[in-house]
Amino acid sequence: MQKSGYFALALAVLAMAGCSERTQESAAETADSAGADANKAAAQASSAVDNAATAVGNAAERAAAAADRAGDKIEQGAENARKRVHEETAPRKN
């Protein structure tokens, strides 16, 4: 009877070892899946940052162009004002 008890114990240990191996494989698969998800999320975040940087760069270029146009209009307005003041204050020739 003792031999059959040892045999049952040995079978139970083997069954637990097999379960443990499956658990380890499952854990490894879960870790691999989590790693793949993390890599995908990092790639998406990187892409989002690149897109945002491009958008900021484009906005800065448009702002610079608008500032240049505004500067040109201010210069033209100042030149027109200078001419008008000169015309109105210059001595008249008879």
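A residue is called buried under 20% relative accessible area, exposed over 50%, and partly exposed in between, using a 1.4 Å probe and protein chains only. The model described here is predicted, so local features need pLDDT of at least 70 and side-chain atom pairs count only at pLDDT 80 or more, while totals for chains, interfaces and linings use all residues. Residues are numbered from 1 along each chain as its sequence is written, and side-chain values use heavy atoms, with hydrogens and water left out.

**Fold and surface**

- The chain holds 1 helix and 0 strands, where helices (H or I, at least four residues) and strands (E, at least two) are DSSP runs numbered from the N terminus.
- Of the 94 residues in the chain, 0% are buried.

**Salt bridges**

- The count comes to 2 salt bridges, each defined as a side-chain nitrogen of Lys or Arg within 4 Å of a carboxyl oxygen of Asp or Glu.
- Glu79 and Arg82 form a salt bridge through their side chains, at 2.7 Å from N to O; these residues are 3 apart in helix α1 (residues 2-89), and are therefore separated by about one helical turn.
- Glu79 is partly exposed, at a relative accessible area of 29%, and Arg82 is also partly exposed, at 48%.
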